[in-house]
Amino acid sequence: MLSSLDHPYQKGGGIGFSLQAVITKVDAIPLSTAQTRIQKMKEQITLAAPTCLPPILTSTRDIHVGIEELRHSISDACAI
């Protein structure tokens with residue numbers, strides 16, 4: 001999916017929209033493997049969509065991370 005979204009972005013010179021992946025439910029990843037698995041996801045995102053902004057990690061269940069960062073990113077994107 002990211003590849004198919006990234007292709008028109010590259011053809012258009014990056015004008016009109018940007019891509020940003022959101023990795024949700026990071027609290028569901030076992031702590032013992034979280035760092036490795038998240039790094040692998042980030043690498044796969046970069047391979048699939050080189051122009052994608054750095055992914056935001058989110059969780060609302062136990063650790064409540066990333067929500068404010070996601071809100072700010074959406075707000076910034078709407079201000080373009």
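Predicted model: local features only at pLDDT ≥ 70, side-chain atom pairs only at ≥ 80, totals over all residues.

Colleague: What makes the contact of R71 with E68 a salt bridge?

Modeller: The closest N and O atoms of R71 and E68 are 2.6 Å apart. The cut-off is within 4 Å, so the pair qualifies. The structure holds one salt bridge.

Colleague: Where do R71 and E68 sit in helix 3?

Modeller: They are three residues apart in helix 3 (residues 67-78), so about one helical turn separates them.

Colleague: Why is R71 called exposed?

Modeller: Its relative accessible area is 51%. Exposed means over 50%, so R71 passes.

Colleague: And why is E68 called partly exposed?

Modeller: E68 has a relative accessible area of 46%. Buried means under 20% and exposed over 50%; E68 falls in between, therefore it is partly exposed.

Colleague: How do you know that strand 1 and strand 2 pair?

Modeller: Three bridges join strand 1 to strand 2 (residues 53-57). Pairing needs at least two, so they pair. The two strands run parallel. Q20 has L53 in strand 2 as its bridge partner.

Colleague: Which residues form the covered face of strand 1?

Modeller: A21 and I23 do, while Q20 and V22 make up the uncovered face.

Colleague: What is the mean pLDDT of the chain?

Modeller: It is 87, and 92% of the residues reach 70 or more.

Notes: Residues numbered from 1 in each chain as written. Heavy atoms only, no water. Salt bridge = Lys/Arg side-chain N within 4 Å of Asp/Glu carboxyl O. Helix = DSSP H or I, 4+ residues; strand = E, 2+ residues; numbered from the N terminus. Buried < 20%, exposed > 50% of the residue type's maximum accessible area, 1.4 Å probe, protein only. pLDDT = per-residue confidence, 0-100.
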